[in-house]
Structure formats: structure tokens, C-alpha cells
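Work through the exercises below with the model open. Try each task before reading its solution.

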Amino acid sequence: MNSKLSRHQQSTICSQLGHVKLKLLYKASIHGFTGPAFHQQCDTHCPTVSVGYNASGYVFGGYTKQPFSQSGQYVHDDQAFLFTFTGEKLNKYPVTGPGNAVRMIANAGPYFGEALVLVHGSQAVVHSNPGNYYNFNAADVHGNDLKLTECEVYKVEESAELEKPWRTIVWESEKELMESIQYYKPMVSSVRQCRVLLIGAVGAGKSSFFNSINSVFRGHVTSQAISGSSSTSLTTQFRTYSLKAGREGKPLPIMLCDTMGLEESTGAGLDIDDISSILKGHLPDRYQFNPSAALHSEASGYRKSPVLKDKIHCVAYVMDACKISIMPTKLQEKLDAIRRKINLMGIPQLVVLTKVDEACPLVMEDVRNIYKSGYIKDMMQEVSARLGVPLSCIVPVKNYSEELDLDPNTDILLLSAIIQMLRFADNYFDDISDKFSDIEVKE
């Protein structure tokens with residue numbers, strides 16, 4: 001059975017309940033919109049989260065720690081609550097009459113007091129009566145649309161924390177990682193800096209990733225690249241950012257290239273045809289994107305004969321961990337088209353998974369839990385399946401967004417991502433040197 005509740009919505013609910021995960025028990029469209037079907041799948045299981053969906057787009061339901069039964073009795077639950085989603089935000093309505101929190105009715109689905117009943121009377125409808133042991137505004141919870149398109153019940157299971165990390169990472173290695181990056185030299189003598197192109201949807205955290213890496217080497221949180229929250233791309237130019245080892249330090253051997261964010265609608269966001277020009281090294285720094293028209297060879301600063309140092313040596317897809325499961329189909333299609341184009345050019349690709357702390361409460365508590373989180377591993381496997389990249393090509397990071405001070409463990413994840421980019425760039429140079437033996441390769 002596939003869950004209709006998105007991963008982000010699941011994560012948001014789980015964050016209210018501790019280190020837990022949700023297991024789907026009952027899905028009305030499969031098992032039936034009837035009380036007996038619900039009870040057959042859910043009786044004796046606890047705690048549970050019940051969720052209703054309607055054609056108006058509302059997602060709402062309730063939580064109880066008590067097991068369902070068909071006794072006809074009310075049961076006490078002082079931790080029960082109803083909820084609804086407003087966008088990505090969860091609104092909670094705690095029980096006001098805990099002695100009557102949940103009622104065990106044979107001919108209905110989840111029955112919260114007398115306030116909210118899903119699959120009422122064994123039909124695909126909702127019974128709503130605010131004020132009966134739960135206080136809420138009906139229009140806010142379900143928009144007064146009482147016809148169900150789906151109903152699901154999930155069992156709340158204990159933490160998805162793995163017994164041991166599934167990837168090895170040394171959490172005291174910040175100095176060694178920084179030195180590895182500082183002293184790295186591209187394998188081709190004509191190239192001084194590896195150029196890594198960052199591609200991602202609007203709001204995925206591309207500019208924030210650069211700012212975070214820059215912060216690590218500057219020794220304090222910085223914000224050189226424009227970043228923030230917006231429904232359209234805040235980056236409107238092609239930018240090449242050179243990192244420095246400290247304020248007065250030398251440029252590092254890697255350059256991060258930032259682009260306009262991808263958007264699902266046609267004629268908005270980064271144009272796929274512009275990506276070819278970027279990869280081949282034609283675009284100058286500060287080129288102003290025009291989503292409705294691809295770059296042409298007569299544009300100001302256009303490089304008509306780019307050399308190897310101007311080209312892109314590695315591509316990093318920056319993806320928001322909270323939005324993987326709700327990625328729009330058209331955006332997925334754009335990413336697929338871009339990947340096909342880059343594959344033909346033989347450029348290595350990896351995925352930088354951002355906002356892992358927001359996606360998983362276990363990681364929010366301590367970023368060192370990143371590879372002990374079963375949820376994050378599942379998320380990375382979903383990215384692997386969606387983009388067609390191996391799990392080894394996906395690196396999770398936490399960008400600096402609200403912090404004023406650096407955290408060594410956050411730094412290590414960020415630096416590990418850069419190390420992978422340099423390794424992938426080496427793969428590109430290896431391939432180039434095999435194809436063109438006249439390129440001078442360093443010994």
C-alpha cells in the first residue's frame with residue numbers, strides 16, 4: 001500500500017510524538033469504507049494516527065494512544081488530539097474531555113468523542129460536531145466538505161533510529177577535511193579550480209549551501225549569495241563563487257556555480273537549454289537569466305570558444321529533504337530531461353540533500369544521528385529511485401539558516417559533500433585524459 005500522507009506531513013506529525021515512525025494499517029480505498037473493514041485492520045493496535053482526505057484538498061484527522069475496539073464504550077485519553085494541515089503547517093486541537101476522547105463504535109471508522117468521525121455509518125463521509133470534547137472551527141479543519149476521498153490509519157511505532165550508522169563518518173575530522181580541500185589540485189594542469197554546477201528547485205537551498213560552505217572556511221556565518229524564502233527564484237543571474245581559506249586566504253581549488261532555481265511551469269525558472277550553455281562553459285559570470293528565451297551566441301560576454309577550465313566538471317542537484325515525496329510531476333520531468341542531457345556529456349552527478357534536520361526529529365536533536373536515522377536512509381533511497389542515481393552519489397547536509405555560530409558537526413557534513421564533489425571532478429578529468437591523450441596530465 002502506498003501512503004497518501006506525504007513524507008513531510010508524516011515527519012511533521014512524528015515531530016509531535018517523539019522519535020517515532022508511521023506504519024500504514026488501513027486504507028479505505030483498498031480495504032473498504034466500512035466500520036468492519038477498519039476494525040479488522042486496526043483493532044488492538046496503538047497508538048494510531050487517523051487521517052481523512054477530501055476533494056477540497058484538506059488533510060485532517062486525530063491521534064490516540066488507546067487501541068481501537070468494538071465495545072461501544074468511550075475510553076479515556078488525555079493525550080488525544082485532532083489536527084489539520086494548513087499548507088505544510090500542522091494545527092492541533094487537544095482533547096478537552098479526556099474521559100470521552102475516543103468512542104469504540106463497530107459501524108464506523110475512527111471516532112473521536114462526538115466531534116469528528118471518519119467513515120461515519122460505514123460510508124465515505126465525515127461526521128463533524130465541534131465542541132463535543134474537542135474545540136475547533138469546522139471550516140478550518142475540513143472546509144465543511146464532509147465527503148471522504150480517502151481515509152488512512154497509521155500505527156505509531158518506536159523510533160526509526162538504527163542500531164549502528166549505515167555510513168562511516170569521523171566526527172572529529174573537520175581540520176583534516178579542510179586541509180584536504182585546501183591542498184587538492186585538479187588532475188589537469190590547465191585547470192586550477194574545479195567548477196561544480198548547483199541545480200535545484202526554487203527554495204531547495206542552493207545559495208544557502210554556498211553560504212554555508214563559505215561560512216566554514218571564513219570561520220563565521222556569512223551570507224554572500226542571496227538566499228531566503230520565495231515562491232520564485234531569488235537567484236536571477238549565473239554566478240560563479242570562488243571560496244577562500246579565510247578572509248585574506250588564497251582561493252580554494254573549487255568554484256561553485258549557482259543558477260536560477262528550477263520551476264515546474266513552462267517559461268519559469270531555469271531554462272533547460274541554458275543548462276547546455278553553462279555545462280559547455282559559454283556563460284559568463286553574472287549572466288542575467290531570461291526564462292522565456294534561451295541564451296544566444298551574440299549575448300554580452302558569451303564565450304564562443306570555451307576551454308576546459310571554463311566548463312563544468314561536476315553537477316550537484318540540491319534537493320530539499322522535506323519535499324522529495326511531494327515533488328510535482330512536471331518538476332520531476334524537468335530533472336529527468338536535465339539528467340539525460342548531462343549523461344550524454346559525461347559529467348559526473350551527485351545529489352546534495354538539504355534540510356535533513358527539518359525532515360527528521362532525530363537529526364534535529366543531534367546532526368550526528370544522520371546515518372542512524374532510518375527515515376533519512378529511506379528518504380535517500382527515494383531520491384535514488386526518483387533520479388536514477390546510486391545511493392553512494394547522495395550526500396545529506398544541513399545548511400546554516402538561522403544560526404549565528406558555527407557547529408563542528410554541521411561543518412563536517414558540509415565539508416564531506418565538497419570532498420565528494422572533488423572526487424567526482426577527478427572522475428571527469430580521468431575520463432577526459434583517457435579520451436584526449438594530448439591533454440597535459442599532472443604526475
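Helices (H or I, at least four residues) and strands (E, at least two) are DSSP runs, numbered from the N terminus. The model is predicted: local features need pLDDT of at least 70, side-chain atom pairs count only at pLDDT 80 or more, and totals for chains, interfaces and linings use all residues. Residues are numbered from 1 along each chain as its sequence is written, and side-chain values use heavy atoms, without hydrogens and water.

**Exercise 1.** Which residues of H8 are buried, and where do they lie?

Solution. Buried means under 20% relative accessible area, exposed over 50%, partly exposed in between (1.4 Å probe, protein chains only). Leu-331, Gln-332, Lys-334, Leu-335, Ile-338, Arg-339 and Ile-342 are buried. Down the H8 axis they fall within an arc of 155 degrees (directions from the axis to the C-beta atoms), so they line one face of the helix. The face turned away carries exposed Thr-329, Lys-330, Arg-340 and Leu-344.

**Exercise 2.** In which order do the strands of the six-stranded open sheet run?

Solution. The order is S1-S11-S2-S3-S5-S6, with antiparallel pairing. Two strands pair if DSSP finds at least two bridges between them. S1 (20-27) and S6 (89-94) each have a single partner strand, so one side of each lacks a neighbour in the sheet.
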